[in-house]
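The stops below go in order.

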Amino acid sequence: MEAVLAACRAAVDRPGRVVVLTGAGVSAESGIPTFRGKDGYWTVGAREYHPQELATHAAFETMPWEVWAWYLYRRGVCRQAEPNAGHRALVELGTAMPDRFALVTQNVDGLHRRAGNADRHVLAIHGDISQMRCADECVPDRWPIPEAVPALGKREPVSDAAKAVLVCGKCGGMARPHVLWFDESYDEPRYHFETVRAIAQDACLVVVAGTSAQTNLPWQVVTLGKRAGATIVDINIEDNPFGEIAEGSGGVIRGPAAAALTATVKSIVDHVRG
Ligand code: NAD
């Protein structure tokens, strides 16, 4: 691990942004399941769905209240969860490097903000599970899911009372979760597409933590950063395509994100504070 930490320290001596890209693995130690493994699956009727089938606009069109039930269950899991040491370490990094730090997260759980990261540092590129917007996109606005809507248990349907308030604040039509689905595209107003690309192109260091490299914008963050000369580091419990890129750059840390992020941030922060 020391060689990776040394590469991080050398990287931050160069000008540029210090970018951390987080995925579901960073919240796994807070008790939020990733999309892989048995906890990721969801049963509707007699069928078991993989998240990549359910987190789609196509699924929402055919069975909107079953998709809502899955999101309201997961929103409850996220609300119960607490930030872990990895989230807290990234708050320290933001405090130490307020003008250079950017936190690009695929997580929709809100734990980076709840840990204390400044809003201006957090770019939630897959949305926020605590928010909803118009399913017809009549306005770009989004609203918190009303407090009156309870967390659901597994196999618990959405009640009529909840359905009555899961509506667009403008047109009164059905609302949808404010998340990017697998069959949808990134954009700037909702998912910070251009901002994140620009940040990646200005990076001196990209630390990737807890993501399996299955989505497009995270892939761009790493490849654009690398092309711009950034050092790439990968933190994950498993090998993954980002690890292959990091092997030829700053290196990989194969272990749980909470401890690895804590060590990485301490090394950088001690270094920049002299
Ligand atoms: P993923 O489920 O595809 O992959 C998770 C990755 O984390 C894997 O590579 C796994 O090896 C790694 N991992 C698991 N535990 C870890 C740990 N303790 N330390 C380090 N690494 C660990 O998730 P993804 O690539 O982030 O993206 C899939 C999509 O799922 C995203 O769009 C995201 O929005 C959504 N998602 C979000 C949450 C959340 O908000 N917490 C949870 C599940 C899925």
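**Before you start**

This is a predicted model: local features need pLDDT of at least 70, side-chain atom pairs count only at pLDDT 80 or more, and totals for chains, interfaces and linings use all residues. Residues are numbered from 1 along each chain as its sequence is written, and side-chain values use heavy atoms, with hydrogens and water left out.

**Stop 1: the sheet**

Select E5, E4, E1, E9, E10 and E11, in that order. These 6 strands form an open sheet with parallel pairing. Helices (H or I, at least four residues) and strands (E, at least two) are DSSP runs, numbered from the N terminus. Two strands pair if DSSP finds at least two bridges between them.

Now look at the edges. E5 and strand E11 (251–254) each have a single partner strand, so one side of each is left without a neighbour in the sheet. Neighbouring strands are turned by 15° against each other on average, direction ignored. Axes are lines fitted to C-alpha atoms, for helices over the stretch in contact; angles run from 0 to 180 degrees between N-to-C directions.

**Stop 2: Leu-21 and its partners**

Select strand E1 (residues 17–22) and strand E4 (residues 101–105). They pair in the parallel sense over 5 bridges. Which residue of E4 is the bridge partner of Leu-21? Val-104.

Turn to E9. E1 is joined to E9 by 6 bridges, again in parallel. In E9, Leu-21 has Val-208 as its bridge partner. Step on to E10: 5 bridges join E9 to E10, and Val-208 is partnered there by Asp-234.

Is E9 mostly covered or uncovered? Mostly covered: 7 of its 7 residues are buried (under 20% relative accessible area; exposed is over 50%, partly exposed in between; 1.4 Å probe, protein chains only).

**Stop 3: the helices across the sheet**

Select helix H11 (residues 216–227). H11 lies across E1, strand E9 (203–209) and E10, at about 150° to E1. Next, select helix H13 (residues 257–273). H13 lies across E9, E10 and E11, and runs at about 150° to E10. Contact here means heavy atoms within 4.5 Å.

**Stop 4: the largest pocket**

A pocket is an open set of points on a 1 Å grid over the protein atoms alone, where a 1.4 Å probe fits, with protein on both sides within 12 Å along at least five of seven lines; lining residues have an atom within 4 Å of a point. Grid points are joined across faces, edges and corners, and a volume is the space filled by probe spheres set on the points.

The largest pocket has a volume of about 1100 Å³. Select Gly-23, Ala-24, Thr-34, Phe-35 and Asn-107, the closest to its centre of the 50 lining residues. Helix H2 (24–28), helix H5 (64–80) and strand E10 (231–236) each supply at least two lining residues. H5 gives the most, with 6 residues.

**Stop 5: the second largest pocket**

This pocket has a volume of about 240 Å³. Of its 18 lining residues, Asp-109, Gly-110, Leu-111, Asp-128 and Ser-130 are the closest to its centre. H5, helix H7 (111–115), strand E5 (122–124) and strand E6 (127–134) give two or more residues each.

**Stop 6: Cys-171**

Finish in the loop between helix H8 (160–165) and strand E8 (175–179), where Cys-171 lies. At 44% relative accessibility, Cys-171 counts as partly exposed. Show its contacts: Cys-171 touches Cys-134 and Cys-138, not counting residues up to four places away in sequence.
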